Amino acid sequence: MKNIAKNLLLASIGIASSSQANDLNINGFLSVGASMLDNDKVEISGYDTNGGFKQDTILGLQLSKQVNDSTTVTGQLVSRGSEDYNTESAWAYINFAANDDLDLRMGRLRVPFYYYSDFLEVGFAYDWIRPPAEVYSVPFSSVDGVDATYRFSIGNWDNSAQAYYGRYTPEGAGVDLRNFTGLALSGQTGDFSLRASYHRLEIISDGTGSFGAVNQGAAALIGTTGSALNTGLLAAGYSNQDIAGAVDDFTLTGQEIGFYGIAAGYDNGDYSAIAEYTQSFGDAPFIPIVNTYLVKAAKRFSDITAHLTFTSSETELDSGINETIQKSLMLEDKQSSIILGARYDYDSSSALKFEIQQLTEDMRSGAGEIDETGMLYSVAIDLVF
Amino acid sequence: MKTFKHSCSVLLIGLASSLASAEISVIVSTNNPNESIDQNTVSKIFLGKAKSFPDGSQAVPIDQDDGAAARVAFNSTVLGKSASQLKSYWSRLIFTGKGTPPKQSGNDAAVKELVANNPNIIGYVDSSVVDSSVKVVHKF
């Protein structure tokens with residue numbers, strides 16, 4: 001009898017631990033925001049002077065299941081107000097834990113471009129209502145492929161290295177991003193963290209979609225005899241051969257784009273700060289070098305966090321004929337913002353946020369200089385569940 | 001003014017001693033071969049940064065329920081984070097599939113029972129409930 005009881009006990013422990021291993025985890029996040037811009041000459045995509053409730057509204061639902069000791073499947077569906085609530089899989093992957101320190105994943109992954117990339121849309125995980133658009137400007141965030149993440153310690157530093165390879169085809173753009181690969185290194189010790197990442201990809205345009213149209217349009221503008229740009233270039237002393245070369249340079253398909261970012265963070269519980277710098281560059285002068293940075297400081301007063309951010313994005317043009325063309329294609333762009341905000345944690349899984357952003361745009365083009373400043377007022381509620 | 005300062009310090013000493021009296025023990029099963037685990041390792045296990053005990057066996061941390069006195073003390077002393085900082089920390093890991101927080105597993109008594117029955121589980125309880133069914137590997 002005693003043995004039976006013991007066996008039952010062992011069996012029940014066995015069941016308990018296997019049911020723990022078979023748990024289906026469901027987690028979600030929801031951000032609901034409202035915002036209003038005070039100057040309609042300032043362009044921030046999706047925001048206007050009539051006010052809106054959609055732009056910062058995001059619902060995410062994540063399912064994950066441990067299939068066996070080493071394998072987990074994870075799917076995250078995200079529905080964004082800024083995209084009319086079309087639902088997309090931001091993550092959908094199988095994770096194989098080769099050992100305690102090495103994870104291998106295959107499927108749809110988040111590209112680790114930025115410090116906040118992994119949880120880009122989980123507003124609850126950071127102080128802002130949205131990461132500053134000056135820095136967080138790559139218009140897509142996923143890649144379909146494989147990655148490996150290795151965790152290791154050096155002295156007091158806990159580090160990880162993540163390498164990925166894949167491909168991504170944005171919907172409707174007529175472009176295929178191939179040989180999409182990169183490496184992200186991060187380290188953390190005590191209150192400090194550091195991060196560096198490098199990425200590259202190859203653009204293949206099939207000539208259709210928004211991307212194909214821009215690509216062909218530019219070539220036509222530059223190369224077509226009699227077009228204003230072509231005439232201007234000839235008048236500036238460039239030969240037909242120079243112009244033919246520029247048409248080739250400005251052809252996007254087959255070109256490589258590179259990106260790197262570095263970031264440093266500090267958080268001692270009361271004070272926190274982060275600085276992030278990125279540079280993107282392309283072989284094609286169509287994609288000029290863009291330098292961006294942000295610097296943010298925050299102070300926590302119990303449940304309230306006040307924060308201040310300076311952020312900027314500025315293009316760096318080529319020289320010679322390419323510079324002339326870049327200017328006339330209005331590729332020169334400078335934008336900066338000051339963001340002042342407060343986050344109130346009204347319980348351990350929801351936060352109320354307020355933000356005032358002063359945005360300054362300075363775009364130079366053939367038509368002259370556009371120099372505008374506007375204020376964007378935003379409020380949002382972020383929840384995780 | 002002097003009296004005021006004096007009563008403040010008396011108050012603080014009183015507070016400190018009342019906090020100190022609520023001692024917390026980090027516990028594992030008596031079948032777990034680890035005898036002592038330092039605070040840094042305990043912290044790593046509860047933050048999902050380490051998945052094994054020092055001897056290499058799998059470590060499964062469990063939390064007490066939200067708001068439990070032992071949990072508040074454990075979070076601030078061992079992990080050095082407030083409840084909302086921890087929630088924010090875990091949301092960064094949950095939504096990237098990089099980790100899940102320790103399961104909420106009830107109060108002192110419930111945690112002690114779970115720990116006693118499984119050599120992989122590590123938990124923390126008020127030192128007053130510790131008995132021979134579990135082994136203390138760290139105290140604060």
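1. What share of the 140 residues of chain B counts as buried? The figure is 32%, where buried means that 20 or more other C-beta atoms, placed from the backbone, lie within 10 Å of the residue's own.

2. This is a predicted model, in which local features need pLDDT of at least 70, side-chain atom pairs count only at pLDDT 80 or more, and totals for chains, interfaces and linings use all residues. Residues are numbered from 1 along each chain as its sequence is written, and chains are lettered from A and ligands numbered from 1 in the order in which they are written.

3. Chain B has five helices and five strands, in the sequence order α-β-α-β-α-α-β-α-β-β. Helices (H or I, at least four residues) and strands (E, at least two) are DSSP runs, numbered from the N terminus. Of the chain B contacts (C-beta atoms, placed from the backbone, within 7 Å) between residues at least 6 apart in sequence, 66% join residues at least 24 apart.

4. In the contact between the chains, chain A contributes 24 residues and chain B 20 residues. On chain A, strand 1 (24–37), strand 2 (58–66), strand 3 (71–80) and strand 4 (87–99) each supply at least two residues of the side that touches chain B. That side of chain A has eight nonpolar, 11 polar and five charged residues; Ala, Val, Leu, Ile, Met, Phe, Trp, Tyr, Cys and Pro count as nonpolar, Asp, Glu, Lys and Arg as charged, and the others, Gly among them, as polar.

5. In chain A, the axes of helix 4 (residues 240–249) and helix 5 (residues 320–328) come within 10 Å and cross at roughly 65 degrees. Asp242(A), Ala246(A) and Asp249(A) of helix 4 meet Ile321(A), Asn322(A) and Ile325(A) of helix 5. The residues of this contact divide into three nonpolar, one polar and two charged. Axes are lines fitted to C-alpha atoms, for helices over the stretch in contact, with angles running from 0 to 180 degrees between N-to-C directions.

How values were computed:
Buried ≥ 20, exposed ≤ 12 C-beta atoms within 10 Å, placed from the backbone. Contact = placed C-beta atoms within 7 Å.
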